[in-house]
Amino acid sequence: MFGTTKAFSGFSVNDIDAAKAFYADTLGLRVSEENGMLILHIAGDRDTLVYPKPDHTPATFTVLNFPVDDIEAAVDELAKRGVPFERYDHLKTDDKGIFRGGGPLIAWFTDPAGNVLSVLQES
């Protein structure tokens, strides 16, 4: 039934203007705005809807992952742009915030609404 539809995902934020600045200016994504909502135009034709929700509660899981070829360079660039990286008690990260304990190399950060995002290097 849905095999030929163009599905997309979405998540909420509590401040559309702050989200637009973060995703467009800090992360460098192409962002459009329609009807008070944002559309993140992500490479690979993966549009993601970001919608306002006054009683927003950040997800307790990663809502968006950005695969990168060089996690060290990505983390350094994001840090230069003022992005702090998350540290979790149950996952030991290095000084930059990169988890190297199995699986892809990954570093987590949040958007202004507290939603968890990541950069990850699969190879």
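Predicted model: local features only at pLDDT ≥ 70, side-chain atom pairs only at ≥ 80, totals over all residues.
Student: Which residue in S4 does Leu40 stand opposite?

Tutor: Residues are numbered from 1 along each chain as its sequence is written, and side-chain values use heavy atoms, leaving out hydrogens and water. Strands (E, at least two residues) and helices (H or I, at least four) are DSSP runs, numbered from the N terminus. In S4, the residue opposite Leu40 is Thr48.

Student: Over how many bridges do S3 and S4 pair?

Tutor: Strands of a sheet pair through backbone hydrogen bonds, either parallel or antiparallel. To count as paired, two strands need at least two DSSP bridges between them. Strand S3 (residues 37–41) and strand S4 (residues 48–52) pair in the antiparallel sense, and the bridge count is three.

Student: Why is one side of S1 and of S2 left without a neighbour in the sheet?

Tutor: The open sheet has four strands in the order S1-S4-S3-S2, with mixed pairing. S1 (9–13) and S2 (30–34) stand at the edges, so each has a single partner strand.

Student: How many residues are in the largest nonpolar core?

Tutor: A nonpolar core joins buried (under 20% relative accessible area, 1.4 Å probe, protein chains only) Ala, Val, Leu, Ile, Met, Phe, Trp, Tyr and Cys residues through side-chain atoms within 4.5 Å. Tyr23, Leu27 and Leu40 are among those with the most contacts inside the largest one, whose residue count is 27.

Conventions
Buried < 20%, exposed > 50% of the residue type's maximum accessible area, 1.4 Å probe, protein only.
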